[in-house]
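Please look through the structure below before reading the report. The headings after it can be taken one at a time.

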Amino acid sequence: MVVWTLLVFGWLCSSALAQISISAPQDMRVFDTPSDGGGSLTVQWAPSSWDGPDARYQVLAGDAAVTDPAALTIIAEFPGNSKYVKDAKTAWWTRNVDKTWHQVLVRSAKGFEVKDGIFYAVAVAAVQGDQRVFSQVLVASPSPDWFNWNQLNNLIIALSFGGLVFYSISYAKRHEIFLRRIPGLDAVDEAIGRATELGKPILYLTGAHDLHDPSTIAAAVILGKVAKRAALYETELLVPHREPITMAVCQEITKQAYLEAGKPDLFKEDANFFITADQFSYTAAVDGIMLRKKPAANFFMGAYFAESLLLTETGASTGAIQIAGTDSDHQLPFFVTTCDYTLIGEELYAASAYLSKEPVQIGTLLGQDIGKAVVLSAIGIGIVLATVGAVTGAQWPQLFLDLLRDLK
Amino acid sequence: MIFLRRQLPLLITLVTGLLFAAQYYVPHPASEQMLTSATKWLQIVGGFALILGVTSLFHQHAVKIRRQEAGWGYSLVLYVGMLGTIAVGLWTNGKESVEGTMTAFGWIYNYMMVPLQGTMFAILAFFIASAAYRSFRAKSREAAVLLVAAVIVMMGRVPLGEYLIPLSGDVSSWILNVLNSSVRRAILIGVSLGAVALSFKIIFGVERSYLGGGKE
């Protein structure tokens, strides 16, 4: 009996729903999509009480001269409970309507091209069953923009961090700053000394990337310090490269290091040499150098991929003291297990400061540490806000969370 | 002279550094066009730089052959291999196959280069085993923790392990998704800040040792 009653009730409800008439989309607006590279219009309209999976919306567009919406081309059709402002990848400070509004971008599609500077007529139709109700037809023209306001948070944080770094540098010039011990860098002298005692060369690798990668630049900078000490101790230095431009830069750095050490006559142009850009051919060649020349100290600085273990395990088998430094987090376990010392992530960037002890360099580390403290605080505050938002259902925490979102 | 060797490169670094940093915030097609052009130029410069590399390689091995240093035979093999491949490549217009038939160039690539690369990559499996053997010997507290975590993760990642110890799957996922991910993210935050700080130093000429030369 109960089941029968429920079935009848359900049938009555569905009949009532089917009879709800749809209305034309309200408060529709069409404008050039802000903060974009052009070729796009944004269409927004207010949500309706009948929005649901049964009703659909159609976005129509065409020549600006067309005034009859039915004559326009359908460029998008979707269920009435989808395509909201909140789904778009825009920041809250760039939104001009509530996030519950509908929003669709009109872009070039098959058979319909959107060009900058040309006006287009756009309309929205609400569709349910045989019913089809049109909004008014609006006209707009797309154009490219010179600034992406969605990335304003990123710019502010980048500039703030830059300012912080330079303030830290000026602070470090006036004050003495404590620098924690980095065993991997303390071991640089030990490794070079060992190579000198054994009369064997030092092998230094700058990684898989070219100079567009900051880790390669950091590796090249550390090479300068290592080369200077190798020159002082009159120890042979071998620097095989995977990239010719990096090789040329490292040649200059090594040359200067020998000059600064007062041993320009010991500098060899071919201490830095090119092997190949191919990953495993390079690895095979460097492994061969390790097995034939048996360097007493191996340095692996910069970015690495699958070759990391092939290089370091071969180096370990020759009994060399090995120091690695990389920001390739996926290769860190291999370096940690096979090398005597590993500079983990940011320590690679700190190496230059640590080895030179220059206030300018050390000041940068202070700036980085303050930056990390800020990030840590933001994570802590974000956790609290997200929890408050989830527990109380309040919307305001989301504004702050959005501010921190997508800072890449 | 000092202007050409020091100030001009620093000026170029400053201008291009600021320009391409700003490019990230400018969605205009002109900005995209500038990035595309610069990338193409970099590729062209990189292509020419390869001449530098090949010259270095030939010089290095020519010296070895001339002096008949230890292992000079390998240098001879390199010369034969390289010049032979270039000659065959030019002869076949760089094509690996013509009308379904493999060319000599294709043969060299498919039956020499690819197996050699595969061999190098395959050695990795043995090296992982030997590295794991040395690392997982529980000599210290840290090594013991590493050993236990590694055993749990390995058990949890293979069907047999999860069949033998049903809990290992969940524990393994927890180790990877909670402990491992959080540590990786912490490292990445440090790396990102370090990279940004280094970029600022390079753009504004604070870090200039990559140019060679002293501090003048």
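What follows is a report on selected parts of chain A and chain B.

## About the model

This is a predicted model, in which local features need pLDDT of at least 70 and side-chain atom pairs count only at pLDDT 80 or more, while totals for chains, interfaces and linings use all residues. Residues are numbered from 1 along each chain as its sequence is written, and chains are lettered from A and ligands numbered from 1 in the order in which they are written.

## A sheet in chain A

Chain A has an open sheet of six strands in the order β11-β10-β9-β12-β13-β14, with parallel pairing. The edges are β11 (272–274) and β14 (341–344) of chain A; each has a single partner strand, so one side of each lacks a neighbour in the sheet. From one strand to the next the twist averages 15°. Helices (H or I, at least four residues) and strands (E, at least two) are DSSP runs, numbered from the N terminus. Two strands pair if DSSP finds at least two bridges between them.

β9(A) and strand β10 (residues 237–241) of chain A run parallel and are joined by two bridges. A:I202 has A:L237 in β10(A) as its bridge partner. Helix α6 (residues 279–293) of chain A packs on the sheet and touches β9 and β10 of chain A. The direction of α6 makes about 165° with that of β10(A). Such angles run from 0 to 180 degrees between N-to-C directions, with axes fitted as lines to C-alpha atoms, for helices over the stretch in contact.

## A buried loop residue

A:T206 lies in the loop between β9 (202–205) and α4 (214–232) of chain A. A:T206 is buried because 30 other C-beta atoms lie within 10 Å. A residue is buried with 20 or more other C-beta atoms within 10 Å of its own, exposed with 12 or fewer, and partly exposed in between; C-beta atoms are placed from the backbone.

Beyond its neighbours within four places in sequence, A:T206 has contacts that include A:T216, A:H241, A:C250 and A:M301. Contact means that the C-beta atoms of two residues, placed from the backbone, lie within 7 Å. A:T206 and A:E243 are 37 residues apart in sequence, and their C-alpha atoms are 9.5 Å apart in space.

## A covered helix

Helix α9 (residues 346–356) of chain A is mostly covered, with ten of its eleven residues buried. Among them are A:E346, A:L348, A:Y349 and A:Y354. After α9(A) comes A:K357, which has a positive phi near 60°.

Most residues other than glycine have a negative phi. A:D27 has a positive phi, near 50°, and sits in the loop between α1 (2–18) and β1 (29–32) of chain A. A:D27 counts as exposed because it has 11 C-beta neighbours inside 10 Å.

B:Q68 also has a positive phi near 50°. The loop that holds B:Q68 is between α2 (29–67) and α3 (72–91) of chain B. B:Q68 is exposed, with 9 other C-beta atoms within 10 Å.

## Chain B as a whole

Chain B contains seven helices and two strands, running α-α-α-β-β-α-α-α-α from the N terminus. The radius of gyration of chain B (taken over C-alpha atoms) is 26 Å, well over the 17 Å from the globule rule (2.2 Å times the number of residues to the power 0.38) for 216 residues, so chain B is more spread out than a compact globule. Of the 216 residues in chain B, 13% are buried.

Chain B is divided into domain 1 (31–91), domain 2 (96–134) and domain 3 (136–203), with bounds that come from an automatic or database domain assignment. The C-alpha centres of domain 1 and domain 2 of chain B are 20 Å apart.
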